[in-house]
Amino acid sequence: MSDVSSLETFDRRESEVRGYIRSFPVVFDSARGSVLHTADGREFLDFFAGAGVLNYGHNNPAFTRALIEYLEHDGIIHGLDMATSAKKGFIEAFEKLVLEPRGYDYKLQFTGPTGANAVEAALKVARQATGRANVVAFTNAFHGLSLGGLAATGNSHYREAAGIALDNVTRLPFDGYLGEGVDTLDLFEKMLGDPGSGLDLPAAVIVEAVQGEGGINVASSAWLQRLRQLTADNGILLILDEIQSGIGRTGSFFAFEESGIVPDIVTVSKSISGSGLPMSLVLLRPEVDVWKPGAHTGTFRGNNLAFVSARVALEEYWTDAALTDGVKAKSAVLKAELERLAAAHPSLGAVVRGRGLMYGFAVDGDRTLAGRISKEAFTRGLIIETSGAHDEVLKFLPALTITDDELARGLQIVSDSLDAVL
């Protein structure tokens, strides 16, 4: 009998491109909520949540029941973009519980099931709607690894893998990139008004309200409001990438909500299905929805199982403020503990930044520290990843449904791991 916990099969046959398996070298077998179990019986707390896919935890019983019932009913699983009861149910729930309470008027485009595909569709429709090619993106942005999204992504590690030139994107500094007291949008405004700047009038600006892979960099409300005004004044479409920061991750359904802006296009993926099943969509203002029928297709743009769990997630968690109130309370605990750790080790010069349950503990002076903490935490039973251009940020993405006790235990492991590596 083979060793169920052995990684030999993966080493022998899986591509060298594999990544997370190298950071967390065990065979996972089952999970519930914020706890993972390995094939050899070990238990791990999860501060990773599938890179932001599992905002409601692993195998949430409300979603599992609905999925089993749907399968037993012989519900449609694969439907391309045909009308199905599952899709209808999701659209109606999204309209009632997300769009209408916020006063948003968006059309829904169901793309292929990855976030990158949603970004590709958003960039394509923006270029079609404006008749222009250039797009503005920001330093440390991450928008996926297909070529359109990759062109808008900042990290050289990913860009170098493209193999071809990545064109039609102008890179500008994100909020805070040049330090406190510098409004980086001064440069954008100056370039827009100067015919000698070399900036071709963009079709769109794509931005994350909170940059996840870029190191948990938070755009201020004032900065986003000014960006919205600049784009509106110049006929530029504003795309908000909510793939990692959305679906309650920062406290509100969308991370941009706190600023009060209304984007032209919003990309949504990761936690929208609730269950971890792949699903993506693009929200479009009706006048931006210039697609001709079939102009952006995809064999798996009708994941009906995902529609089922996505509907249940909305009905279970977004009919009242219980989830967001819980995120707010847990966020205060998380922030206070990270600030305590930073204060307890002043020589590190650690910076704590984030919102909701999306936080970073950044140590630029020792860019290996976050990775060493993550590795040590793994030996102590905690899954936590790093982010940032140099992987210098310890990244906290626990499930929004994590219990107070689990959050406290995980933070204690982080504290003990920091002490150990120092």
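Which residues does S331 touch, not counting residues up to four places away in sequence? In this predicted model, local features were considered at pLDDT of at least 70 and side-chain atom pairs only at pLDDT 80 or more, whereas totals for chains, interfaces and linings use all residues. Residues are numbered from 1 along each chain as its sequence is written, and side-chain values use heavy atoms, with hydrogens and water left out.

S331 lies in helix α12, which spans residues 322–344; helices (H or I, at least four residues) and strands (E, at least two) are DSSP runs numbered from the N terminus. With residues up to four places away in sequence not counted, S331 touches R355, G356, L357 and Y359, contact being defined as heavy atoms within 4.5 Å. S331 counts as buried because its relative accessibility is 10%, where buried means under 20% relative accessible area, exposed over 50%, and partly exposed in between (1.4 Å probe, protein chains only).

Helix α9, formed by residues 185–193, has L185, F188, M191 and L192 among its buried residues. Seen down the axis of α9, its buried residues fall within an arc of 120°, so they line one face of the helix; the arc is that of the directions from the helix axis to the C-beta atoms. An α-helix has 3.6 residues a turn, so residues three or four places apart point the same way. The buried residues of α9 pack against the strands β5 (135–138), β6 (169–172) and β7 (204–207), and against helix α10 (221–233), while K190 and G193, on the other side of α9, are exposed.

The loop between β6 and α9 contains V182, which is partly exposed because its relative accessibility is 35%. Together with Y177 and L178, V182 forms a nonpolar patch on the surface, with about 290 Å² of accessible area in total. Such patches are made of residues with over 30% relative accessible area and no salt bridge, like charges being joined within 9 Å and nonpolar side chains (Val, Leu, Ile, Met, Phe, Trp, Tyr) within 5 Å; accessible areas come from the Shrake-Rupley method with a 1.4 Å probe, and for residues only the protein chains shown count as cover.

The structure holds 24 salt bridges, a salt bridge being a side-chain nitrogen of Lys or Arg within 4 Å of a carboxyl oxygen of Asp or Glu. One of them joins R285 to D264, with the closest N and O atoms 2.6 Å apart. This pair links distant parts of the chain, 21 residues apart, since R285 is in the loop between β12 (281–284) and α11 (304–317) and D264 in the loop between β10 (237–241) and β11 (265–268). D264 counts as buried at 4% relative accessibility, whereas R285 is partly exposed at 22%.

The side chains of E376 and R380 also meet in a salt bridge, at 2.8 Å from N to O; E376 is partly exposed, with a relative accessible area of 22%, and R380 counts as partly exposed at 38%. Elsewhere, salt bridges that share partners join D11, E16, R18 and R22 into one network.
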